[in-house]
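Colleague: Could you take me through this model feature by feature, giving the general idea before the particular case? I would like to begin with the aromatic rings.

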Amino acid sequence: MSSPDIASILENSRELDRLRKEQEEVLIEINKLHKKLQATPEVVEKPGDSSLSRLKSLYIQARDLSEREVTISNLLLNQLDAFLPSGPPGQQRRKMDGNDQKRKRMKSDSDISRLSPSMRSHIEACVSLKDEQVAARVTSDAEKDEWFVVKVINFDEKTKEFEVLDEEPGDEEEGSGQKKYKLPASCIIPFPKRNDPASTPEFPAGRQVLAVYPGTTALYKATVISTPRKRKSDEYLLEFDDDEEDGALPQRTVPFHKVVQLPEGHRQ
């Protein structure tokens, strides 16, 4: 297992821990409201009381956190299945007879068919990203990580690498043509589905994210100021780091499908 793969597993493990802690905090708030409403149910009839709307908001937040937990848990299972041996540790090879040797020479219909269901699902998910735009970390040095919007050309099921195309390289890069990269899965983050905002977990206000800066194909760290649900739109209101104008950080709108989870240890 390579260092980037280990780093990705550890990153997702930490995110899972954070989600569970946040769920516990939301559950505490829900229980407090339950006790309040049980003790004084008449409070909801008072003008201006927001107990029920607050309770609904907490339930929605709990649901989104739960869905996000399932997503991260499945991703971790896929990552672990990709590197765990298929047989028990130390299992000895038995002597092959003639029939075994014949079977060994036979080609299976598909290499994928021999994988575990979760790993097969992971491979199929990667393959399905062909022709899709994703966020990709194309460079990483001691000082900073650079993430750009790229198009997936192919996913190699043997090397588990993506071949991607940077369709709009910066002017400062050598040449003006499109650039191709081969990247491991740990350097790829799929974007939310543009046509399915309802099923996309929402990042709460105050959360740091990675988002496409308006008018560019580069992604930078930003802080959520307001969510699409609160704004009743398909856009987040964000403040990008290092985006100071006249001594203040301007607030910029970014479509929900161009905002993703901030990778652990991101350097900018």
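Modeller: A search of the whole structure finds four aromatic pairs, where rings of Phe, Tyr and Trp (its six-membered ring) pair if their centres lie within 6.5 Å, planes under 30 degrees apart counting as stacked, over 60 as edge-to-face and the rest as tilted. This is a predicted model, in which local features need pLDDT of at least 70 and side-chain atom pairs count only at pLDDT 80 or more, while totals for chains, interfaces and linings use all residues. Residues are numbered from 1 along each chain as its sequence is written, and side-chain values use heavy atoms, with hydrogens and water left out.

Colleague: What is the geometry of the pair that Phe155 and Phe162 form?

Modeller: A pair of aromatic rings is described by the distance of the centres and the angle of the planes. Phe155 and Phe162 are tilted, at 4.7 Å centre to centre with 50° between the planes, and both residues are buried (under 20% relative accessible area, with exposed meaning over 50% and partly exposed in between, for a 1.4 Å probe and protein chains only).

Colleague: Which parts of the chain does the pair of Phe203 and Tyr236 link?

Modeller: Phe203 and Tyr236 form a tilted pair, 6.4 Å centre to centre and 40° between the planes. The pair links distant parts of the chain, since Phe203 lies in the loop between strand S5 (188–190) and strand S6 (208–212), whereas Tyr236 is in strand S8, 33 residues apart; helices (H or I, at least four residues) and strands (E, at least two) are DSSP runs, numbered from the N terminus. Phe203 counts as buried because its relative accessibility is 13%, and Tyr236 counts as buried because its value is 3%. Elsewhere, ring pairs link Tyr213, Tyr220 and Phe240 into a cluster.

Colleague: Which residues touch the most other members of the largest nonpolar core?

Modeller: A nonpolar core is a set of buried Ala, Val, Leu, Ile, Met, Phe, Trp, Tyr and Cys residues joined through side-chain atoms within 4.5 Å. Here the largest has 17 residues, of which Val138, Phe162, Val164, Leu183 and Ile188 touch the most other members. The elements giving two or more residues to this core are H4, S1, S2, S3 and strand S4 (179–184), and the largest share, four residues, comes from S2. Apart from this core lies another, of 13 residues, among them Val26, Leu33, Ile72 and Leu76.

Colleague: How does strand S8 run relative to S9?

Modeller: Two strands pair if DSSP finds at least two bridges between them. Strand S8 (residues 235–240) and S9 run antiparallel and are joined by five bridges, with Leu238 standing opposite Arg252 in S9. Strand S9 (residues 251–255) has a covered face, Arg252 and Val254, and an uncovered one, Gln251, Thr253 and Pro255.

Colleague: What is the phi of Asp131, and what is that of Lys160?

Modeller: Most residues other than glycine have a negative phi. Asp131, however, has a positive phi of about 75° and is found in the loop between helix H4 (117–127) and strand S1 (133–140), where it counts as exposed because its relative accessibility is 52%. Lys160 also has a positive phi, of about 55°, and lies in the loop between strand S2 (145–156) and strand S3 (161–166); with a relative accessible area of 28%, Lys160 is partly exposed.
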